Amino acid sequence: MRMVKASLSQKEEGAFVGFDVTIKFKHVIAVIICAVLIIGGTSYYSSVHSEQNGAEVQDTVPRNEVQPPIDEDGFVFAKSSSEVLSEEMVLALREDETVGFQRLLKMSINEIYARHGQLFNAGEVNDTHYQKYSWYRETNKHGVKWEEFNNFEKTNLRLLISIEEEYGYR
């Protein structure tokens, strides 16, 4: 009885779309399929780029693609430490379709803290985000206190937090 079970399980293991083949043959078929997909993809890529006839590509991002409102230094509001934000500026973030309004509000608050070296929990979203930027990595990390903020920052924090509360995010 044991021998029958062994041969049945062997047969089930080797079955491949109605054919009885070895595991080795399955790998050969998988490699062939991958090769066909790769070759097909590169020939499609070549045909698309040959249609451009050497024309210089000036904008690699499609015009209708939405870009997040975060600048190259990781800021939502790069000047929030030196200028007062208007409510209109902040509410304009509602139009963002990439990050989302709630997340952008939180980031706007956290970037003010990050400029002063706020110590975020290792591996969490804020830590991961700000560790990408040398301006943050070079700060002395600590728990930032309200007294460390200048008047622009305090005003902006009050505005951002009040909008969070108004929208029920806090």
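I began with Leu105, which is buried at a relative accessible area of 0% (buried means under 20%, with a 1.4 Å probe and protein chains only). The model is predicted: local features need pLDDT of at least 70 and side-chain atom pairs pLDDT 80 or more, while totals for chains, interfaces and linings use all residues. Residues are numbered from 1 along each chain as its sequence is written, and side-chain values use heavy atoms, without hydrogens and water.

I looked up the surroundings of Leu105 next. Leaving out residues up to four places away in sequence, Leu105 touches Val90, Leu160, Ile163, Glu164 and Tyr169 (contact means heavy atoms within 4.5 Å). The C-alpha atoms of Leu105 and Ile163 are 8.2 Å apart, across 58 residues of chain.

I then placed Leu105 in helix 4 (helices are DSSP runs of H or I, at least four residues, and strands are runs of E, at least two, numbered from the N terminus). Helix 4 (residues 101–115) packs on helix 7 (residues 151–166) at about 155°, with axes 10 Å apart (axes are lines fitted to C-alpha atoms over the stretch in contact, and angles run from 0 to 180 degrees between N-to-C directions). I noted helix 4 as roughly antiparallel to helix 7, a term for angles over 145 degrees.

I listed the contact residues: Phe101, Leu105, Lys106, Ser108, Ile109, Ile112 and Tyr113 from helix 4, and Glu153, Asn156, Leu157, Leu160, Ile161, Ile163 and Glu164 from helix 7.

Last, I checked the whole chain. The protein chain has 7 helices and 2 strands, in the order α-β-β-α-α-α-α-α-α. Of its 170 residues, 26% are buried.

Conventions. Angles under 35 degrees count as roughly parallel, over 145 as roughly antiparallel, 65 to 115 as roughly perpendicular and the rest as oblique. Buried means under 20% relative accessible area, exposed over 50%, partly exposed in between (1.4 Å probe, protein chains only).
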